[in-house]
Amino acid sequence: MNENLSENPPGANGYRCGFVAIVGRPNVGKSTLMNHLIGQKISITSKKAQTTRHKVTGIYTDDTAQFVFVDTPGFQTEHRNALNDRLNQNVTEAMGGVDAVVFVIEAMRFTEADRRVMRLLPKHIPVLLVVNKIDLSKAKSPSELAAFIETVRAEFDFAGVETVSAKHGVGIAQLLHALKPFLPEGIPLYPEDMVTDKSSRFLAAEIVREKLFRYLGE
Ligand SMILES: Nc1nc2c(ncn2[C@@H]2O[C@H](COP(=O)(O)OP(=O)(O)O)[C@@H](O)[C@H]2O)c(=O)[nH]1
Ligand SMILES: [Mg+2]
């Protein structure tokens, strides 16, 4: 057997490195989650849907693993037009080559738009269900939240479930912990101090775009 194809690449020593796509309908908190996962603002967030237009890659590195997250534009399911078709195609592509998928939904709210995204989830890659916005008052009852999660789990074979509040940084470490076993063993692909593959010029333009969204609306 070729040494290089063995499960433990030479030099990896149990270190893991892999790609995770973050998907979900617009406004569930994907970009907020990504920013908290890597501890830095690189993906723009907004109350208005469809602010993330480009794929943004965020990298989180620690002593045991390197996670490369791909934040995707939310699947556009309401209006069919050329831009939305293009965005949806980008998301489907983003899920292609990853080691795990994080499917983000809002606590106590599972809509037809969520279901449409769920139908596009891959069957051959582990998908973690992430229930976000557990800080909202309607999500505060533990038994109701558990019942809600069970109804969603009944519809897809998830590899696991995590509850988080992306905005308040709750459950983030636990989420990283749950994702780690899905990453293949291997040496880091990016320098340990790198948080994104986007240039600072790109990030500056994105942050200007975020401010414009805030002040001018869509
Ligand atoms: N209350 C609350 N709001 C959140 C949370 N996560 C995200 N949001 C808000 O939800 C909105 C959409 O977030 P964003 O990250 O842009 O969603 P995306 O479209 O999925 O990328 C923003 O106003 C966020 O501040 C959370 O955990 N709790
Ligand atoms: Mg976004």
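This is a predicted model: local features need pLDDT of at least 70, side-chain atom pairs count only at pLDDT 80 or more; totals for chains, interfaces and linings use all residues.
Visitor: Okay, which residues come nearest to ligand 1?
Guide: N27, K30, S31, T32 and D135, out of 17 residues around ligand 1. "Around" here means having a heavy atom within 4 Å.

Visitor: How does that shell divide into nonpolar, polar and charged?
Guide: There are 4 nonpolar, 8 polar and 5 charged residues. Ala, Val, Leu, Ile, Met, Phe, Trp, Tyr, Cys and Pro count as nonpolar, Asp, Glu, Lys and Arg as charged, and the others, Gly among them, as polar.

Visitor: And where does the largest share of the shell come from?
Guide: Helix α1, residues 30–38, which gives 3 residues. Helices (H or I, at least four residues) and strands (E, at least two) are DSSP runs numbered from the N terminus.

Visitor: What lies 3.1 Å from an oxygen atom of ligand 1?
Guide: A polar side-chain atom of N132. K133 has a polar side-chain atom 3.0 Å from a ligand 1 oxygen, and for S165 the distance is 3.2 Å. The protein covers 90% of the 580 Å² of accessible area that ligand 1 has on its own, an area that comes from the Shrake-Rupley method with a 1.4 Å probe.

Visitor: Back to N132. Buried or exposed?
Guide: Buried, because its relative accessible area is 3%. N132 sits in strand β5, and a polar atom of its side chain is 2.8 Å from the backbone nitrogen of A166. That's a polar contact: N or O atoms within 3.5 Å; within protein, one must be able to donate a hydrogen and the other to accept it, and residues adjacent in sequence count only if both atoms are side-chain atoms.

Visitor: What is the bridge partner of E106 in β5?
Guide: N132 again. Strands β4 and β5 (residues 127–132) run parallel, with 6 bridges between them. Strands pair if DSSP finds at least two bridges.

Visitor: How many residues of β4 are buried?
Guide: 7 of 7, along residues 100–106. A100, V102, V104 and E106 point one way, V101, F103 and I105 the other. β4 also pairs with β1 in the parallel sense, over 4 bridges.

Visitor: Which residue stands opposite V102?
Guide: I22, which belongs to strand β1, residues 16–23. I22 has a relative accessible area of 0%, so I22 is buried.

Visitor: New topic: what's the phi of K133?
Guide: It's positive, about 65°, although K133 is not a glycine. Most residues other than glycine have a negative phi. K133 lies in the loop between β5 and α4 (142–153), and at 22% relative accessibility K133 counts as partly exposed.

Visitor: And where does M108 lie?
Guide: In the loop between β4 and α3 (112–119). M108 has a positive phi of about 65° as well, and is partly exposed at 25%.

Conventions
Residues are numbered from 1 along each chain as its sequence is written. Chains are lettered from A and ligands numbered from 1 in the order in which they are written. Side-chain values use heavy atoms; hydrogens and water are left out. Buried means under 20% relative accessible area, exposed over 50%, partly exposed in between (1.4 Å probe, protein chains only).
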